[in-house]
Amino acid sequence: MIAAQAKLVYQLNKYYNERCQTRKAAIAKTIREVCKVVSDVLKEVEVQEPRFISSLSEIEARYEGMEVISPNEFEVVLYLNQMGVFNFVDDGSLPGCAVLKLSDGRKRSMSLWVEFITASGYLSARKIRSRFQTLVAQAVDKCSYRDVVKMVADTSEVKLRIRERYVVKITPAFKCTGIWPRSAAQWPMPHIPWPGPNRVAEVKAEGFNLLSKECYSLTGKQSSAESDAWVLQFSEAENRLLMAGCRKKCLSVLKTLRDRHLELPGQPLDNYHMKTLLLYECEKHPRETDWDESCLGDRLNGILLQLISCLQCRRCPHYFLPNLDLFQGKPHSALEAAAKQTWRLAREILTNAKSLDKL
C-alpha cells in the first residue's frame with residue numbers, strides 16, 4: 001500500500017513538473033499578451049471617464065485582479081473607488097448577491113456614482129456595467145490594438161475577444177474589507193478545526209469583492225432589484241486559505257487535468273469548481289500533516305471522487321455561500337458526461353499511477 005502511494009506521489013510530481021509547469025508558463029505568456037491589450041483599452045476608457053481607473057497592475061510577475069477561468073478565458077476585475085456612502089445589505093434573498101444602498105442621511109450628490117443610484121436609493125450594478133460597456137466599445141475602436149480586439153455581442157457583460165483566440169471579461173467591482181457578509185456567517189463551521197482562529201481572522205479581514213456581473217442564481221429572472229444586485233466574490237480569501245502544504249500543487253494538478261480532459265460541451269466544469277472542492281477537502285483533512293507532499297495522491301483522489309458525487313447529485317455548493325449552487329443552469333447532460341469522464345480519470349489514476357504519463 002505504502003509503495004503504491006509513493007509511486008503515485010512520484011508520478012504526480014513528475015506530472016506537476018512536466019504538464020502543470022508547461023501549462024503555467026503558457027498561461028503566463030498569454031496573460032502578458034492579453035494584459036497589454038486590456039491595459040490599452042482601459043487607458044482609453046479612463047481618458048473618457050476618469051471614474052473608471054484601471055486597477056490592473058503587475059506585482060512580482062503576477063497581474064493583480066486577473067483571474068484565469070480556462071487557458072483561453074480570463075476575467076479582469078476593475079476596482080472602483082468610493083463605496084463609502086453606501087451600506088452593504090445582504091439579507092440572503094438573492095443567493096450569492098448583495099445590494100448597496102445609500103446610507104441614511106446621505107445625499108445622492110455626495111456619491112461619485114450619483115447617476116447610477118436608483119429611485120429607491122440602490123447603486124445599480126447593471127447601470128454601472130451598461131455605462132462601462134459603452135465606454136469600452138468606444139475605447140476598442142480608438143485603441144492601438146483595434147485590429148486584434150473586438151467586443152463580444154449578445155451579453156450585458158463586458159467581454160473582449162482578442163486575436164480570435166482569447167476571451168477576457170472586464171468586471172467593475174468594489175473591494176470590501178473589514179466586513180464579512182451575513183450570508184457567509186456560518187463559516188467556519190464550529191465543529192471543524194480547520195483553518196483555526198488566527199487564519200479565520202486573517203481571511204475575514206481580507207474581506208471580499210462585489211462584482212457587477214450576471215449572477216448564477218438570477219439567470220432567467222429580471223426584476224429590477226435583482227439586476228441592480230452585486231455578486232459576492234472571495235478570491236483573495238480563498239487564495240489565503242490555500243497557501244500552506246501541497247494545496248496549491250494539488251490545485252495546479254486539478255486545473256491541468258480539467259483543461260486536458262474535462263473541457264466538455266456545455267462547459268460543466270471550470271477551475272473554480274476545482275478550487276471549491278479543494279477547500280472542502282481541507283475541511284475533511286484539517287491537520288497540516290494531511291497536506292504533506294507524501295499525501296498528494298490521497299488528497300487528489302478524494303477530490304476527484306467528491307467531484308463525481310457532486311456531478312451525479314447535480315449540486316456543488318459554493319464554499320462560503322452554501323445556498324449558492326455552482327452547477328445551477330448547467331445542462332444535466334453536460335454534468336452527466338463530466339461525471340463519466342471524471343470517473344474514467346479517477347479510475348486510471350487509482351489503478352495505474354503510470355497512466356499519468358499519458359494524461
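Okay, let's start with a pair of side chains: Lys-249 and Glu-293 meet in a salt bridge, with 3.0 Å from N to O. That pair links distant parts of the chain, since Lys-249 sits in helix α6 and Glu-293 in the loop between α7 and α8, 44 residues apart. By salt bridge I mean a side-chain nitrogen of Lys or Arg within 4 Å of a carboxyl oxygen of Asp or Glu. And the element names: helices (H or I, at least four residues) and strands (E, at least two) are DSSP runs, numbered from the N terminus.

Before I go on, a word on what we're looking at. This is a predicted model, where local features need pLDDT of at least 70 and side-chain atom pairs count only at pLDDT 80 or more, while totals for chains, interfaces and linings use all residues. Residues are numbered from 1 along each chain as its sequence is written, and side-chain values use heavy atoms, with hydrogens and water left out.

Back to that pair. Are its two ends buried or exposed? Lys-249 is buried, at a relative accessible area of 16%, while Glu-293 is partly exposed at 37%. The cut-offs here are under 20% relative accessible area for buried, over 50% for exposed, and partly exposed in between, with a 1.4 Å probe and protein chains only.

How many salt bridges are there by this rule? The count comes to 24. Another one joins Glu-288 and Arg-247, whose closest N and O atoms are 3.0 Å apart. Glu-288 is in the loop between α7 (271-284) and α8 (296-313) and Arg-247 is in helix α6 (residues 247-261), so this bridge ties together parts 41 residues apart in sequence. Arg-247 is buried, with 0% relative accessibility, whereas Glu-288 is partly exposed at 43%.

Now have a look at Arg-299 and Glu-281, which form a salt bridge with the closest N and O atoms 3.6 Å apart. Arg-299 belongs to helix α8 and Glu-281 to helix α7, so the pair ties together parts that are 18 residues apart in sequence. Both Arg-299 and Glu-281 are buried. There is also a network: Arg-23, Arg-258, Asp-259 and Glu-263 are joined by salt bridges that share partners.

Next, α6 itself. Why call this helix largely enclosed by the rest of the structure? Because 12 of its 15 residues are buried. For its length, α6 has 15 residues and spans 21 Å from its first C-alpha to its last, close to the 21 Å expected at 1.5 Å a residue. That expected span is 1.5 Å times one less than the number of residues.

On to the backbone. Most residues other than glycine have a negative phi, and most peptide bonds are trans. Here are some exceptions. Trp-187 and Pro-188 are joined by a cis peptide bond, omega about -5°, and the bond from Trp-194 to Pro-195 is cis too, with omega near 5°. Where do the prolines sit? Pro-188 lies in the loop between β9 and α3 (197-206), and Pro-195 is in the loop between β9 and α3 as well.

Then positive phi. Glu-164 has a phi near 60° without being a glycine; you'll find Glu-164 in the loop between β8 and β9, and it is exposed at 56% relative accessible area. Gln-267, also not a glycine, has a positive phi of about 45°. Gln-267 is in the loop between α6 and α7 and is partly exposed, at 42%.

Last stop, the surface. Patches are made of residues with over 30% relative accessible area and no salt bridge; like charges are joined within 9 Å, and nonpolar side chains (Val, Leu, Ile, Met, Phe, Trp, Tyr) within 5 Å. Accessible areas come from the Shrake-Rupley method with a 1.4 Å probe, and for residues only the protein chains shown count as cover.

What makes up the nonpolar patch? Leu-305, Trp-343 and Leu-350, together with about 290 Å² of accessible area. Leu-350 is placed in helix α9 (residues 332-351) and is partly exposed at 49%.

There's a positive patch as well: Lys-29, Arg-32, Lys-36 and Arg-165 gather on the surface. Lys and Arg count as positive and Asp and Glu as negative, with His and the chain ends not counted, and each charge is placed at NZ of Lys, CZ of Arg, CG of Asp or CD of Glu. Arg-165 lies in the loop between β8 (159-162) and β9 (166-176), and it is partly exposed at 49% relative accessibility.
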